[in-house]
Amino acid sequence: MIVLSSSFDYKKVWSLINWIGFNSQALLRSPDTRTQAFLGISSLVHNFCSMRNRCQVVPEVQEFMKILESYVQGNCRARDPERKEKVLLSLKAIGNAGLAATAQIPVLNKCLQAKSSLLEVRLAVIGAFRRIPCEADRTVLRQLYQTVDEDVELRIASYYMLMKCPSEQLFDTVAVTLQNERSSQVGSFVWTHLSQLLETNDPLKQQIKKSLPNDIVTKDFDLEHWKYSSYVDATFRPETSSVGANAEAALVFSPKSFMPRSAMANLTVFVMGYAVNLLEVGIRLENAEYLVQKMFGHKQAPLMDVPKGTKSSGKKWRMRNPLKSSIQSVEKLGAVQRHSLRKFSAARQQVEKPRLRKAKQSCHNVDYSGIYELEAKVRMHLSKYQLEWED
């Protein structure tokens with residue numbers, strides 16, 4: 001209840017922070033302690049730091065943040081499910097702590113720059129910057145957004161996190177990057193986000209709306225929202241009423257799949273001059289296309305990367321249906337057999353034809369001497385009869 005309450009007693013929070021600090025080694029480093037406890041304690045630290053300036057110098061807060069840092073440092077490349085879960089929860093806890101996490105930025109940058117780290121872990125590192133003060137160094141996020149060879153999801157997440165702390169220098173970087181953008185997914189998201197900000201009626205976004213240059217949208221990426229990443233912002237606030245609401249949603253696609261990789265929705269209600277964040281939901285899926293194909297019976301397999309050790313001209317390979325390929329193999333085998341029989345019969349006819357020709361040619365070579373002698377005798381007798389007849 002203390003963690004969730006926004007009007008709790010400062011003395012109670014201070015006593016609880018002291019207790020956690022004194023017992024942090026036994027409580028948080030124990031193998032029996034669930035890492036989910038980090039989220040609750042980090043939220044408590046955030047509420048404590050929102051009431052106290054320079055809370056990061058408090059020894060108890062420093063001890064807790066060092067424990068979170070120890071779980072992240074050296075484990076960003078972890079493939080083991082248990083270690084990966086601890087890393088992800090520790091990064092979420094660092095993001096919850098916010099003001100107290102300034103000292104952990106070098107560790108976050110190192111984990112974010114490691115390309116061998118899992119994509120899910122690198123995205124969680126970007127999310128850990130959400131409550132860190134804007135005065136902190138965000139150069140790595142800027143470089144990641146400008147790197148065209150990086151993953152689309154990383155670039156979009158970096159841009160979205162950078163826009164939480166807008167500045168003129170950032171606007172210049174966004175305008176130049178958008179002008180030279182080669183990725184349709186990144187360009188579509190940035191274009192829709194800037195277009196929505198220039199037209200939003202959200203009271204919380206009026207400052208960034210006024211600070212945006214009119215020529216920041218240097219390239220048009222008006223593409224289909226059901227195929228490309230996009231951002232939507234809608235505000236419902238009647239002029240005669242003191243009650244209103246703002247809803248924003250984001251959909252991120254990846255060139256690796258025809259299904260969206262992640263989605264975000266946020267709902268804020270305005271009541272009597274106060275903004276209350278009612279709902280914030282985020283979801284990310286991988287390999288969802290295989291489930292969709294199984295449910296709807298999609299026959300065509302998805303595109304996949306070329307196997308290692310195979311030369312390719314940059315084209316994608318398509319997975320074969322094993323049942324279909326087996327049937328095709330049987331049909332091809334039968335076709336080969338029929339073709340071979342035809343070839344064999346044709347070859348046999350070609351072999352038999354020369355034999356017949358040779359037999360016909362051999363008839364001309366028969367000995368006709370007896371017939372010639374008989375013909376000569378008949379002619380001699382006929383000539384004798386002809387002479388007698390003339391006499």
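Colleague: Which residue does a disulfide join to Cys49?

Modeller: Cys55 is joined to Cys49, with an S to S distance of 1.9 Å. A disulfide here is a pair of cysteine sulfur atoms within 2.5 Å. Keep in mind that this is a predicted model, where local features need pLDDT of at least 70, side-chain atom pairs count only at pLDDT 80 or more, and totals for chains, interfaces and linings use all residues. Residues are numbered from 1 along each chain as its sequence is written, and side-chain values use heavy atoms, with hydrogens and water left out.

Colleague: Is the disulfide of Cys49 and Cys55 right-handed or left-handed?

Modeller: Right-handed, because the torsion about the S-S bond of Cys49 and Cys55 is about 95 degrees.

Colleague: Is Cys49 buried or partly exposed?

Modeller: Cys49 counts as buried because its relative accessibility is 4%. Cys55 is buried too, with a relative accessible area of 1%. Buried means under 20% relative accessible area, exposed means over 50%, and partly exposed is in between (1.4 Å probe, protein chains only).

Colleague: Which other residues of α3 are buried?

Modeller: Besides Cys49, the buried residues of α3 are Phe38, Ile41, Ser42, Leu44, Val45, His46, Asn47 and Phe48. Helices are DSSP runs of H or I with at least four residues, numbered from the N terminus.

Colleague: What span should α3 have?

Modeller: Helix α3 has 15 residues (37-51) and should span 21 Å at 1.5 Å a residue; its end C-alpha atoms are 22 Å apart, which agrees. The expected span is 1.5 Å times one less than the number of residues.

Colleague: Back to disulfides. How many does a search of the whole structure find?

Modeller: Three. With bonded cysteines counted along the chain, their pattern is 1-2, 3-4, 5-6.

Colleague: What about Cys76 and Cys111?

Modeller: Their sulfur atoms are 2.0 Å apart, and the two form a disulfide. Cys76 lies in the loop between α4 (59-72) and α5 (81-97) and Cys111 in helix α6 (residues 105-113), so the pair ties together parts that are 35 residues apart in sequence. The torsion about their S-S bond is about -125 degrees, so this disulfide is left-handed. Both Cys76 and Cys111 are buried.

Colleague: And where are Cys134 and Cys165?

Modeller: These two form a disulfide with sulfur atoms 2.0 Å apart. Cys134 is in the loop between α7 (119-127) and α8 (139-146), and Cys165 in the loop between α9 (152-162) and α10 (168-179), so the pair ties together parts 31 residues apart in sequence. Cys134 counts as partly exposed at 45% relative accessibility, whereas Cys165 is buried at 15%.

Methods: Helices (H or I, at least four residues) and strands (E, at least two) are DSSP runs, numbered from the N terminus.
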